[in-house]
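Open the structure in your viewer and keep the selection tool at hand. We will go from one stop to the next, with a short note on what is there.

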Amino acid sequence: MKPALLGLYVLVAGLWLLELASGASGINLAAALADWWHNSASVARIILFEVRLPRALLALLVGAALASSGAALQGLLRNPLASPDMLGVSQSAALLAVCVLYFGYSRLAWFVLPLAALCGAALAVLLLLQLTRRLASAQALILAGIALTALTSALTTFALDYAPNPYALQEVYFWMLGSVANRSNAEVLLALPFFGVGTALLLSCRRCLDALSLGEDTAATLGYPLSQYRWRLIVGVACNVGAAVAVSGSIGFVGLIVPHVLRPLVQSQPGRLLWWSLPGGSALVLLADVLVQHLPGTQELQLGVLTALLGAPFFLYLLLKQRS
Amino acid sequence: MTPLLSAQDLSVHTADGQVLLKPVSLQVHSGEVVGIIGANGAGKSTLLKALAGIQPVPSGSIQLAGQEAPTLSSLQRAQILGYLEQRPQLHWPMQVQQVVALARLSFGDRELPDGIAAIAAALAATSMTAFSQRDFLQLSEGEKLLVNLARVLAGAPRLLLADEPTAALDPAHQHRVMQLLRQRAAAGMAVLVVLHDLTLAARYCDRLLLLHKGALLAEGTPAAVLSSANLQHAFHIDAVLDTASHAVMIRTSH
C-alpha cells in the first residue's frame, strides 16, 4: 500500500476516534468501554453505543459511499464536475425516500426506504446518461443537473408539505442538507447491505473506468465496452447514494470535493481514484461532523451546511479552472 | 493460410435506414499492410469501426484469427485486435506512460514485469520514451497520435486497425509511422490502415481497398487500384501513379 493511502486510512481512524469522543455530553470513553466489557449498564455506555457509535459509523460509511459515487460518476460521464448532488442524483433519491417515509409505505418492509431512495438515484443516473448523449459540453450537463436538483428539491418540499404527518415539513432541512446526528444502529444496519453491494459493484468497474478515459469507442477496443458495465455502475451509484440519502439526507459536495482533491495523488487514474475516494470521503464527512459538533451556537448545524460552505466555493473554482 | 481478419458481406446503415456501407468482403493476412482509401464520406472509417466492433453491424460476418468475432469475449478480442482512432482523446490529465499502459488492461499486467516491458518497448518504437512522464494533454496533435500508436503497440495486437494514423503528422513523421507499421507487418502483424495520402498508400501498402460511396470499387495491388480510371471515378481527379516513385501525380482537377 502506498504511504499516502496508508496515511489517509490513519487519518480516517484518528477522525473516527475523535468523532466518538465528540458530543454534547462529556463522557469518559474508557469508562464507557469498561462498562461494556463488564456488561454493566451506565449512561456513558448508552451514549457511546446508542448515540455516538451509529453517528460515527454513518459518517464513515456515508462519506465513503458519496465520494466513491462521485468518483464513479465523474469517470462514467467523463465529466470532472459530476457528483451525486450536483447532478440531482441525491435529491432524486431524497424525493422517493420522502414519499415512502411520510406516506407510510416504509412500514411495509425494512428495505422499502433504502430501495425507494435507490430507485430515485438510479432514475436520475439513467436520465443523465441519456442527456450526456445529447448535450455536447460538460457545462451543459451540469446545467441539466441543476435543473433536476431544483425540480426534485421542490417536489420533496411539496411531498413533505402534503404528507399526512403534521411534523413532516419540519424535517425538510434534514432531507435538503443532510445530517448523521440522532441516528440509531438500526439505520446503520439498514444501509450497510446497500453500501456493501454498491461499493463492490463500483470497484468491479475500476478497469472499465480507466479505459473510459480514452472515450467509449477506445474503451470497447481495449476490452471494456461500456455496454457491459453501464448497469453495474448505475446500480452501484444508486445503491450507495440511495442508502446514504435514506439514512442521512442529501449531504452535498462530498462526491465533488473528494475525487478532485485526490485525483493528482493517483495521477488521474479513475480506477485508483475509486479506491482512494472511499477513505477520502470518510475523512471529509467525519471531519465536517466533528466540526459541526464543536462550532459555537445554540443549535448544532446540519452537516450539509458545512460541506456546502466548503464545496460551493470549490465548485466555483473548478468552473473557473475549466473555463481557463 | 487462414486470414487474421476476414469479413463477408459487411453492411452498415443508420437507424433511419441510410446506408453507410454496402456489402463489403475482405481478408487481411498476417504480414500484410492493407490500405483503405477513398474520398471523404466513402465509408472508410465506418468500415474500420465495424471491423473493430465499435460500429454495430446489422448484416454480414467477421472472423478474427479464424474465430467468429461474436463468439469472442471483449477481452479476447482486445488481445487480438488493436484500434488506433482518428482523433485521440483523453478526458483526464494523465502521464504518457499511463496512457500507453491502458493497452495492458486486458492482460491485467500494467504493473507487472511483462506489461512494463511491453510499455517501454512501445514507447521506444515510437520514439516517445523521452515523453513518458509528460502530461498527454499538453502534447501536440502529432505527439498525441504517436503516443496512441505506442498505446496500441503496447497491447501487442496481431491485427492493427489504424484510422488515418498520419493525418496530423509532418512528412518525416508520416514516413516514420508507415515504416513502423511495415516493420510490425514484417514481424507478423496484420495491418489495415485508412489513408488519405495516396502516395503513402502506394509506397507502403501491399494491397489497397478503394471505397466509393460506401461500396468497394476496387481491390488489389496499388498499381492496379490506383489506375487513372479509378482515381477519376472515386476522387474526380485526373491523376496517374508513377510506379517508380510511388507518387500519385495530379494533372488536373474539377
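A salt bridge here is a side-chain nitrogen of Lys or Arg within 4 Å of a carboxyl oxygen of Asp or Glu. This is a predicted model, where local features need pLDDT of at least 70 and side-chain atom pairs pLDDT 80 or more, while totals for chains, interfaces and linings use all residues. Residues are numbered from 1 along each chain as its sequence is written, chains are lettered from A in the order in which they are written, and side-chain values use heavy atoms, without hydrogens and water.

First, select Arg110(B) and Asp210(A): their side chains meet in a salt bridge, 2.9 Å from N to O. The interface of chain B and chain A has three salt bridges by this rule.

Now show both chains. In contact (heavy atoms within 4.5 Å) are 26 residues of chain B and 26 residues of chain A. Together the chains bury about 2,200 Å², 58% of it on carbon and sulfur atoms; this is the accessible area (1.4 Å probe) lost on being put together, summed over both.

Next, color chain B by strand (DSSP runs of E, at least two residues). You will find an open sheet of four strands, in the order S2-S1-S4-S5, with antiparallel pairing (at least two DSSP bridges between two strands). Its edge strands are S2 (19-28) and S5 (67-68) of chain B.

Zoom in on S1 (residues 5-13) and S4 (residues 59-64) of chain B, which pair over five bridges. Where does Ser6(B) stand? Opposite Gln63(B), in S4(B).

Terms used
Buried area is the accessible area (1.4 Å probe) that two parts lose on being put together, summed over both.
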